[in-house]
Amino acid sequence: MASKTKKTQFDAVKTLENIEGQFEMVQILNEKGEIVDDSLVPELSDEQLTELMRRMVYTRILDQRSISLNRQGRLGFYAPTAGQEASQLASHFALEKEDFILPGYRDVPQIIWHGLPLYKAFLFSRGHFVGNQIPEGVNVIPPQIIIGAQYVQAAGVALGFKKRGKQAVAVTYTGDGGSSQGDFYEGINFAGAYSAPAIFIVQNNQFAISTPREKQTAATTIAQKAIAAGIPGVLVDGMDPLAVYTVVKEARERAINGGGPTLIETMCYRYGPHTMAGDDPTRYRTSDTDSEWEKKDPLVRFRNYLVNKGIWNEEKENEIIEQAKEDIKEAIKKADDTPKQKVTDLISNMYEELPNNLQEQYEIYKEKESK
Amino acid sequence: MAQMTMIQAITDALRTELRNDENVLVFGEDVGVNGGVFRATEGLQKEFGEDRVFDTPLAESGIGGLAIGLTTQGFRPVPEIQFFGFLFEVMDSVSGQMARWRYRTGGAFHAPITIRSPFGGGVHTPEMHADSLEGLMAQQPGLKVVIPSTPYDAKGLLISAIRDNDPVIFLEHMKLYRSFRQEVPEEEYTIPLGKAEVKREGSDLTIVAYGAMVHDSLKAAEELEKEGHSVEVIDLRTISPLDIDTIIASVEKTNRAIVVQEAQKQAGIAAQVVAEINDRAILSLEAPVLRVAAPDTVYPFSQAEPVWLPNHKDIIETAKKVLQF
């Protein structure tokens, strides 16, 4: 006789669906530049709004010029940023000077707006140590090439702030591919365990080189990975400057008030290739997808919003474009004028006091360089 | 003066620096209330508080990143990696990041970090606890690698390591933690990094060693003495950078040398010592410089340690080959 015992049904799928349902995308401005959620509109003055637009336009020009300078061989390593202006600059706009930024290799714009001189950013691209000599008082490290390393380091910076009793946050960025790294999880988990003031931003631009987001994880959002660390996670429209600003501002407030870290996923897109080192996006991306995302352009929607408010026009935009081009020309000139690197420079930068092997090699290279 | 084991001398050095410098932070897996798996941090959290001496989640890479991040806020981190076989988890933070921190920022930042970690065989530990991986660290520009063999050296070298403004890997041999006591001054003192010490003077043969092999070398030297050979034993103390001057001065005096390490022959740093002697003192040599090292296999299953690990008999055998060349 068959057992009549009822088989207990634990609905694990339902548990997953419940979790996913908690990560709805925060949006304030739609593609046309219309406010879709009044309750979330940040308190920004007209000056602040136009300043944010100014930075976004400037950075779009910086990207166009950087690609061109790279093609001319006047820049080296460059990871295009067009499309990510809201994600990069509106998030930065929510920070204060004392906040510390740990950028990835694509996050040069944030450290420029935080105080890194443009010519140094160009020297970073070319491969010159002066580019990474961050000026005193500018709280950034050079762009991190090892994907994920900036996350564990950010937990340490944030714990440092907490121990010093400073009202400041550590902010770090990675991409969608980076969220698969062990250091990504360790970073958010450490910051959570110490309730450290850190903001972890994942710029989900849909592709890690040629690998689409879906190949990184079965998780429907990256924001939900915050659950593994027991910290808040937020999914935001990364093409919407007001939404990005709002969620970062809120995360910062919580962090400096002892509320611990936040993970923020910005849903965005890079219009260009992964880097200028031979990546060809037409091999893995369709022009349909490109044009779909171009409709979401952060500049277009923010421009419409500001024009409708009567605080932006073509003249202002052209002014900033000319300014950007002028600054870039000067910065490249200054980079050109930077003395070439010598082996003795590289040796001198290794330790505070040179060990005997390097003292010996220093003398050898000094002799060579004097000829 | 007090009679201390090496582990007590290490705790004493940590206590000294926690008192001296409020930026010193000690952290790692179970180093807080537990006082460390070997009691190296015993009593420190009680004396200095959870803010200075604290536990971390179980993730070596995170510990490395935490240390680097803390340096940006002016701290002087002294993290612990529970066993050095776990280095592989934190290799990027160590070799890819902190070792390069000063260089990659052109001196704008630096990393005054001392990583403490136990290693070494002869105490029947499970897998990946006893491996000698100092060779990996010695190949990384930007690091200094220190391996004490006595309680006195351990205290003076650890204080120097903590005060150094660049990253130092401080490797503590497990077999030496409590194997003997030595007079150690209670007050603070330092021993310069990068300086070897002649632990025994001799005129016929130089033995260059470090870690537990220093003691096997001293034992071998005593037995060789009975057979009429005068043997000099150099304890490197710092394996990167090497104290070339002390090594070469000794070889120029004795004209014969061997290099002794516990690591496999293809690992460790013995080959580097041999190359330096060949470069700088070949005309003084009466015989080739031979190496005593472990076989080039994975670190042995614990029961096989006695037949695998180099010991004083291997040292005597190799010394005689060189003496009778």
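**Backbone, packing and spaces**

Mentor: Ser195(A) sits in the loop that links helix 7 (182–193) to strand 3 (198–204) of chain A. Helices (H or I, at least four residues) and strands (E, at least two) are DSSP runs, numbered from the N terminus. This is a predicted model, in which local features need pLDDT of at least 70 and side-chain atom pairs count only at pLDDT 80 or more, while totals for chains, interfaces and linings use all residues. Residues are numbered from 1 along each chain as its sequence is written, chains are lettered from A and ligands numbered from 1 in the order in which they are written, and side-chain values use heavy atoms, with hydrogens and water left out.

The phi angle of Ser195(A) is near 45 degrees, a positive value in a residue other than glycine. Most residues other than glycine have a negative phi, and most peptide bonds are trans. In chain B, the peptide bond from Ser240(B) to Pro241(B) is cis, with omega near 0 degrees. Pro241(B) belongs to the loop between strand 12 (238–240) and helix 9 of chain B.

Axes are lines fitted to C-alpha atoms, for helices over the stretch in contact, and angles run from 0 to 180 degrees between N-to-C directions. This crossing of helix 9 and helix 10 of chain B is right-handed. A crossing is left-handed if the near helix is turned anticlockwise from the far one by less than a right angle, and right-handed if clockwise. Residues of helix 9 of chain B in the contact include Ile244(B), Ile247(B) and Val251(B), and among those of helix 10 of chain B are Val273(B), Ile277(B) and Ala281(B). Contact means heavy atoms within 4.5 Å. By class, this contact has seven nonpolar, no polar and three charged residues. Ala, Val, Leu, Ile, Met, Phe, Trp, Tyr, Cys and Pro count as nonpolar, Asp, Glu, Lys and Arg as charged, and the others, Gly among them, as polar.

Both helices also lie across strands of chain B. Helix 9 of chain B covers strand 9, strand 10, strand 11 (231–235) and strand 13, running at about 175 degrees to strand 11. Helix 10 of chain B lies across strand 10, strand 13 and strand 14, at about 160 degrees to strand 13. In chain B, an open sheet of five strands has the order 9-11-10-13-14, with mixed pairing. Its edge strands, strand 9 (197–200) and strand 14 (290–294) of chain B, each pair on one side only. Two strands pair if DSSP finds at least two bridges between them. Strand 10 (residues 205–209) and strand 13 (residues 257–264) of chain B run parallel and are joined by four bridges. One bridge links Val208(B) to Val259(B) in strand 13 of chain B.

Back in chain A, the axes of helix 2 (residues 46–71) and helix 11 (residues 298–309) come within 11 Å and cross at roughly 150 degrees. Here the crossing is left-handed. The contact of helix 2 with helix 11 of chain A has 10 nonpolar, one polar and four charged residues.

Three cavities of 30 Å³ or more are found in the whole structure. On a 1 Å grid over the protein atoms alone, a cavity is a set of points where a 1.4 Å probe fits but cannot get out, and a pocket is an open set with protein on both sides within 12 Å along at least five of seven lines; lining residues have an atom within 4 Å of a point. Grid points are joined across faces, edges and corners, and a volume is the space filled by probe spheres set on the points.

The largest cavity has a volume of about 150 Å³. Helix 2, helix 4 (108–113) and helix 5 of chain A each supply at least two residues of its lining, and the largest share, four residues, comes from helix 5. The second largest pocket, with a volume of about 400 Å³, also takes the largest share of its lining, three residues, from helix 5 of chain A.
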